[in-house]
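Please examine the model below with attention to how its side chains pack.

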Amino acid sequence: MSYALKELNRETGFGGMGTTKEREVLVISLANFEARKAEIADALWKASTEIGFFQLSDHGIPLEQIDEAFEMTARFFALPQEVKAKYPMAKGTNYGWEYKAQVRPSTGTADNKESFQVTVPKMAGLWPSGEELPGFKACMLAFERANWAVGMKVLSCFADKLGFPADFFTEAHDPTSPEYQSTQRLIHYLPMVDAKPEDFTGWRAGAHTDYDCLTLLHQRTGQGGLQLCPGREADGGELAWTDVPPVTGLITCNIGDMLARWSDGKLQSNLHRVRMPRADEYLGPRYSLPFFCQANRDALIQAPTGSEPPITAKDFLDMRIAANFAKIGM
């Protein structure tokens, strides 16, 4: 059985409610990056081998740029359904608009959200027009590249710790290549409207690990729900979940399956989900902006010790997408 399919089968056991547990999620500053790189790499390694999750401050993306990206995201999802449907995510792809199409193996039900995915080389015909949403394309292309730059800094630290050349992961995520498949995703979790008591149970997004190398997530203060469970605790017994309060300006990061494999499992692919709000919490729409550092399609993911057979990033991602999007079409 392939590594990716083993991961999918593993996810089917993650659907229970579980318990909650307080854990420290490290906030790591990237200030004076070059001068402090060894110190930063040590902090990232500690967080990623113990919990698989951390937050970044002083990352260099201006708050004004983040706010603009959130504003443009809200404008996009406010477009009429018939306009968004002109830019659909085709079956088996990872770019364009989808509505309640992502079905997690852990739950077997669709996530309560819609999303628009930007994979730069594949966006021909998928951008809303300037008449429909002026400024959107320029905003999102700039935001995508800003997140890529932060992700490559973090991945260069992991390259150092793993004994790879400093730019090993940068070259594997080369945005000038037609094989580039890193993705900027815009997510709109639907508001709770006329909610019944049973509507507050379950998840807006079911439990899962990400299938990339590294995820960088922007959230807004007050729009919570993200929960994590460390990778080392996800293989037995009842899962204990930790709430991660959202803070505007901090980037919340987690390790994905690609990097877990590239590191022989030293770096932990973190299990996470988005729970439904409680009745006494904010019930409006929740927006989040994850950037997925997904190695180029022709990159070969190979554990240094040969513990798993090599697989291209294209094949790895294709298998995961196929299992997580049970239906595409509105």
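Is Thr 183 buried or exposed? In this predicted model, Thr 183 has a relative accessibility of 0% and therefore counts as buried, the cut-off being under 20%. Thr 183 belongs to strand β6, residues 183-189. Its side chain makes polar contacts with the side chains of Asn 94, at 3.5 Å, and Gln 294, at 3.4 Å. Residues that Thr 183 touches also include Gln 117, Val 118, Thr 119 and Phe 292.

Buried residues of α3 include Ile 66, Ala 69, Phe 70, Thr 73, Phe 76 and Phe 77. An α-helix has 3.6 residues a turn, so residues three or four places apart point the same way. Glu 64 and Ala 78 are exposed on the face of α3 turned away from the buried side.

The aromatic pairs number 12 in the structure. In one of them, the ring centres of Phe 76 and Phe 116 are 4.6 Å apart and the planes stand at 40°, so the pair is tilted. Because Phe 76 lies in α3 and Phe 116 in strand β5, this pair ties together parts 40 residues apart in sequence. Both Phe 76 and Phe 116 are buried. Phe 76 also pairs with Phe 136, with centres 5.4 Å apart and planes at 15°, so that pair is stacked. It links α3 to helix α5, 60 residues apart. Ring pairs join Phe 76, Phe 77, Phe 116, Trp 127 and Phe 136 into a cluster.

Note on methods: Residues numbered from 1 in each chain as written. Predicted model: local features only at pLDDT ≥ 70, side-chain atom pairs only at ≥ 80, totals over all residues. Heavy atoms only, no water. Buried < 20%, exposed > 50% of the residue type's maximum accessible area, 1.4 Å probe, protein only. Helix = DSSP H or I, 4+ residues; strand = E, 2+ residues; numbered from the N terminus. Polar contact = N/O pair within 3.5 Å; in protein donor to acceptor, adjacent residues only side chain to side chain. Contact = heavy atoms within 4.5 Å. Phe/Tyr/Trp six-rings, centres within 6.5 Å; stacked < 30°, edge-to-face > 60°.
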